Amino acid sequence: MYSLAQSVLAKGAAGEPLPHQLDGLRKLEVELRRGEFSLAAAGPGTGKSLLALFLAVSMNIPVLYFSADSGAATQLSRATAMITGDNVKEIKTALVEGDFEAYADLLAERWWMRFHYGARPTLGDIEETLSCYFEVFGCFPHLIVVDNITNVDAGNADDAEHFTFSLEALCEYMADMARETRAHVLALHHVTGEHSDGLKPIPLSGVKGKIGRVPSLILTIFKEIDGMDGRVLHISPVKNREGFEDSSGETFASFDLNKSSLRLEDVLSTF
């Protein structure tokens, strides 16, 4: 039990914003704060995993990434491209052909960024991996990514009612994990069928399972593809306890996706 004065010390690092580089989101008062749980939802192939990895790489902080949706070769190639600015296809080729030595020293400098590649992690796996991270580095990660939340094995969810309940319970578990570790926990998630093409703004009601109660921040993502195979990602804060929100999804920040390096760059205008 704490008084208000004592709560100043009890909070620790909780509430501190992580140093993301996406100015468009910051203009919409979007911050990834330590000790809080957020959700990023989009249709398949839109770019939610790219967004999460770019945040993890560009912030250059202690990270634990549960990559159930993507294997080591994909994440390694993407992260290397984001760090170096080199072409991701050329990096993937070098990796497959065993000619990856040129990147070894650079990647070794990111020793505090760790991945778990289990396709169906249990809550026990997550807790054990977090304990290992603390044992090795003497601290918990500042950012924990769960990609994605439906890949976590949390028990029986055979029908729609149990599926929603299971997701709600998972969200509560991850919110508690964020509070206990003082990390920001970012979970990726899917959207409902009518929004799965990812070509129009996605409202809060478009988040699959209607699990908007627990996260302090929910971002939805849709894409815009031009005739030259360019891609713009539009990110909407549909729930935000700490700042601006628009549950319709019609207010968003826009970012150019560099198809070569997979880096995101602000379009500057916010709609």
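Accessible areas here come from the Shrake-Rupley method with a 1.4 Å probe, and for residues only the protein chains shown count as cover. On that basis the chain has an accessible surface of about 12800 Å², and carbon and sulfur atoms hold 53% of it. The model is predicted: local features need pLDDT of at least 70, side-chain atom pairs count only at pLDDT 80 or more, and totals for chains, interfaces and linings use all residues. Residues are numbered from 1 along each chain as its sequence is written, and side-chain values use heavy atoms, with hydrogens and water left out.

**Whole chain**

Start with a cartoon view. The chain has 8 helices and 9 strands, where helices (H or I, at least four residues) and strands (E, at least two) are DSSP runs numbered from the N terminus. Next, colour by accessibility. Of the 271 residues, 49% are buried; buried means under 20% relative accessible area, exposed over 50%, and partly exposed in between (1.4 Å probe, protein chains only). Contacts (heavy atoms within 4.5 Å) can be shown next. Among those with a separation of 6 or more, 63% join residues 24 or more positions apart.

**Salt bridges**

Side chains of opposite charge can pair when their charged atoms come close. The whole structure has 5 salt bridges, each a side-chain nitrogen of Lys or Arg within 4 Å of a carboxyl oxygen of Asp or Glu.

Select arginine 34 and glutamate 16. Their closest N and O atoms are 3.9 Å apart. The two residues, 18 apart, connect distant parts of the chain: arginine 34 is in the loop between helix H2 (23-27) and strand S1 (37-42), and glutamate 16 in the loop between helix H1 (4-10) and H2. Arginine 34 is buried because its relative accessible area is 14%, whereas glutamate 16, at 38%, is partly exposed.

Move to helix H2 and select aspartate 23 and arginine 26. This salt bridge has its closest N and O atoms 3.6 Å apart. The two residues are about one helical turn from each other because they are 3 residues apart in the helix. Aspartate 23 is partly exposed at 42% relative accessibility, and arginine 26 is partly exposed at 31%.

Now select arginine 213 and glutamate 168, whose side chains form a salt bridge at 2.9 Å, N to O. This pair also links distant parts of the chain, 45 residues apart: arginine 213 is in the loop between strand S5 (184-189) and strand S6 (217-225), and glutamate 168 is in helix H8 (residues 160-181). Arginine 213 is partly exposed at 48% relative accessibility, while glutamate 168 is buried at 16%.

**Threonine 80**

Select threonine 80 in helix H4 (residues 72-84). With a relative accessible area of 1%, threonine 80 is buried. Leaving aside residues up to four places away in sequence, threonine 80 touches Gly85, Ile91, Phe100, Tyr103 and Leu107.

**A charged patch**

Switch to a surface view and select Glu97, Asp99, Glu101, Asp105 and Glu109, which gather in a patch of negative charge. Patches are made of residues with over 30% relative accessible area and no salt bridge; like charges are joined within 9 Å, and nonpolar side chains (Val, Leu, Ile, Met, Phe, Trp, Tyr) within 5 Å. Lys and Arg count as positive and Asp and Glu as negative, with His and the chain ends not counted. The place of a charge is taken as NZ of Lys, CZ of Arg, CG of Asp or CD of Glu. Finish at aspartate 105, in helix H6 (residues 104-108). Aspartate 105 counts as exposed because its relative accessibility is 65%.
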